[in-house]
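Biologist: Hi! Could you walk me through this one? I'd like to start with the charged pairs.

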Amino acid sequence: MSLCVQKILTGILTGNHSGSLSTSQWRDLILVARAHSLLPRVASMLLIDADNNFHIPPKVHAHLVASIRHETLFHNQVKNEVKFVNTKISGALNRKLIVLKGAGYVVANSSAAKGRIFSDIDLLVLKDDIPKVERALHLFGFVSDTDSEYDQKYYREWAHEIPPLRHFQRGTVLDVHHNIIPVVSGRAPDIDFFLSSTIETEYGVEVLRPAAMFLHSAIHLFFSEEFTNGFRDLSDLSLLLDEIVDDDDEVNYLFELAYNTGFENEVFLAFRYLERVFHKQVSADITQNFKLPIPEGFKLALNDFIFGKVLAANHRLVNVKFRGIAEWLAFVRGHLLKMPFNILVKHTASKLWRSIVKSVTGDVENNHHVQQKDVKEQ
Amino acid sequence: MLLSELADTQYLDAVKKSELNIEFGLISVNVSSSFSQVTKTIAELYRDYKVSLNSDWFDFNISVERPSNFRRFIRRQAVFKLDGHIPFKPLPSAHAYPLFEWGMNWCVANFYHKYLIFHAAVLEKNGKAVVFPAPPGSGKSTLCASLALSGWRLLSDEMAVLDIESGRVLPFVRPICLKNNSISLVKDWFPETFISDVATDTQKGDVAHVRPPSDSVRRCNEDAELFAVVFPKFVAGSPTEVFSMTQISTLNMLIENAFNFDLFGHQGFEFISSKLPNLLLLEATYSNVDELRNILESEVNN
């Protein structure tokens, strides 16, 4: 029963599920999908890509229709916000604005936009343009989310982005990046490789081309230290992969870009856990393109232990043994990837102190954010 | 099976183990709580509702529990959970029951976008449904309780649920939430009616919930024809006066009181615009509930 609901969900998300579901299977599917913000995606797969012969009971249909309504409005708002931001800052830019991740999928009309709900709009600009962009955004109502001195310092010195900016009325959050992973990691690529991997959209902004979109999504996932949205992100990768598998140019471009930027391993991990968690086969024609030797032995076993668990659906109906240990290992791994050890110790101490304060005070500090997000997201 | 037909031990066992579903017609909700104050109040207020045990379906599974952080040892608190997830801040444990009701409202208003939902009371008489949208303080719930306990059928105290396909209003029958002075008023007017213990000093002031009439609960699957939109306005000491409203100001005020109008885009706008010309649109200033009820009754009996 427990494994079943994840299998049904991945089957639907990859367009591979057939057969009918019992009422309780539908109920569990909705719960698990909703917990991962995947209900709109499930709905869009089942209602819009009507290439299936599911019988959907009316009470299930109600939830699917509801989540599609939510997605439609949300995507409209995202497109408008992107257009608004672009008109306000394009004058300050020395190159066209690039929209990344969720908002990027939406303005690119990528299939990964299907049912995708997110909380921030991620932007990529030239590092030299950041001060001007920040001033322009301040002027049009976007203010920094955090007053904490530590956060400000963390972002400015070590990160690949500036502290999130929130619109004082609409609540929209912008993450303005100048690279795709933290500078302090030592792994941040020459961003020109990505800046030259973009395509235009009808919204006057650029997005990464499909191969670069897949690569960025894989890097983002496998450089994380926490995987609350891991299952959802893997579902993105599944859809992003669909966009390129039948296009030899894009497949070749993916491997070239991954090799040049030093992220072949992230592509390997993406393929591996798409197969293991989403049961999505990646053909040998594609996997033979890796130039570096693929991981094996203990390293691979450790990866399998960690990612086999943290990328699984995270819900009480999906029983994953030792998930806690895997999450802890993933947390350590993610931090080690991002920071040299001495900085990591300082950073962890600061985070730990905050989490202790939070457990005592009941997260008073952040609760207003959570509520605002709920209103907007759900 | 009705909740009142369950043996006490059976009920308590089910509600503690998350095995109890309350059937609202519109939706089915799995409810549980570790607070005896909550389980006792549910048993009283939802006495006449259909329930099922270990059913293979629910639309939402909600609970009110004690929080798990250290603060629980300092101050007693209650948290609302939807499928184990905590969407908002804890409240003092004395507000656990209102938290349960408000949490359930939140689920429907935030997720159940199959229907167009307005913040409004809905009551029906003679097959004609009257929608009472109103901001807090307008006396909506007092009026709602008064009508519901005087022979009108209660469809909802908080949410007007409109099916844009059939054009009809659907019941979502729930206990009526009274605030502050109206609690003692309703107790005086209808001494035989069950009203829950008062939770004092909540974010809405003192609140208590009124058990909905059993006939309204029994008919929770019967939708109704829209007849009127009435904006009640309680003004102490005022005579009862009823003004007719224009379609455009009604539309504006409805939108102000909508939970999910934005999610329906053009469809929602077209739906409301096509309905308004056929409805009675009124604003009512009153201080005497009986007088207003008489006016409304003469309208629906016409």
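Biologist: How many salt bridges are there over all chains?

Modeller: A search of the whole structure finds 29 of them. Keep in mind that this is a predicted model.

Biologist: Okay, let's take one. Which side chain does D236(A) meet in a salt bridge?

Modeller: D236(A) pairs with R41(A), at 2.8 Å from N to O. D236(A) sits in helix α10 (residues 230–244) of chain A and R41(A) in helix α3 (residues 39–48), so the pair ties together parts that are 195 residues apart in sequence.

Biologist: And is D236(A) buried or exposed?

Modeller: D236(A) is buried, and R41(A) is buried too.

Biologist: What about E200(A), which residue does it form a salt bridge with?

Modeller: With K96(A), and their closest N and O atoms are 2.9 Å apart. This pair also links distant parts of the chain, 104 residues apart. E200(A) is in strand β6 (residues 198–200) of chain A, while K96(A) is in the loop between α4 (58–89) and β1 (98–100) of chain A.

Biologist: How accessible is K96(A)?

Modeller: Its relative accessible area is 38%, so K96(A) counts as partly exposed.

Biologist: Now the other chain. Which residue of chain A forms a salt bridge with D83(B)?

Modeller: That's R316(A), with the closest N and O atoms 2.6 Å apart. D83(B) is in the loop between β5 (77–82) and β6 (91–92) of chain B, and R316(A) is in the loop between α14 (297–310) and α15 of chain A, so the pair joins two chains.

Biologist: Are those two partners buried or exposed?

Modeller: One of each! D83(B) is buried, because its relative accessible area is 15% and buried means under 20%. R316(A) counts as exposed, at 54% relative accessibility.

Biologist: Nice. Which residues in chain B are linked in a network of salt bridges?

Modeller: The network is made of E124(B), R153(B), D215(B), R218(B), R219(B) and E222(B).

Biologist: Changing topic: where is I12(A)?

Modeller: I12(A) is in helix α1 (residues 2–13) of chain A. Its relative accessible area is 4%, so I12(A) is buried.

Biologist: What does I12(A) touch?

Modeller: Leaving out residues up to four places away in sequence, I12(A) touches H17(A), L29(A), V42(A), M45(A), L46(A) and F54(A). Take L46(A): it is 34 residues from I12(A) in sequence, yet their C-alpha atoms are 7.7 Å apart in space.

Biologist: Which residues make a nonpolar surface patch?

Modeller: W328(A), F331(A), V332(A) and L336(A) make one of about 380 Å². V332(A) belongs to helix α15 (residues 323–338) of chain A, and V332(A) is partly exposed, with a relative accessible area of 31%.

Biologist: Let's zoom out. How is chain A divided into domains?

Modeller: Domain 1 covers 2–339 and domain 2 covers 340–378. Taken over C-alpha atoms, 22 Å separate the centres of these two domains of chain A.

Biologist: And how is chain B divided?

Modeller: Chain B has domain 1 (3–111) and domain 2 (116–300). The contact takes 22 residues from domain 1 of chain B and 29 residues from domain 2 of chain B. Their centres are 25 Å apart, again over C-alpha atoms.

Biologist: Last one: what is the mean pLDDT of chain A?

Modeller: The mean is 89, and 93% of the residues of chain A reach 70 or more. Over residues 364–378 of chain A, though, the pLDDT is below 50. Beyond near neighbours in sequence, that stretch has 27 contacts in the model.

Conventions
Residues numbered from 1 in each chain as written. Chains lettered and ligands numbered in written order. Predicted model: local features only at pLDDT ≥ 70, side-chain atom pairs only at ≥ 80, totals over all residues. Heavy atoms only, no water. Domains from an automatic or database assignment. pLDDT = per-residue confidence, 0-100. Contact = heavy atoms within 4.5 Å. Patch = residues over 30% accessible without salt bridge, like charges linked within 9 Å, V, L, I, M, F, W, Y side chains within 5 Å. Areas by Shrake-Rupley, 256 points an atom, 1.4 Å probe, with all protein chains shown as cover. Salt bridge = Lys/Arg side-chain N within 4 Å of Asp/Glu carboxyl O. Helix = DSSP H or I, 4+ residues; strand = E, 2+ residues; numbered from the N terminus. Buried < 20%, exposed > 50% of the residue type's maximum accessible area, 1.4 Å probe, protein only.
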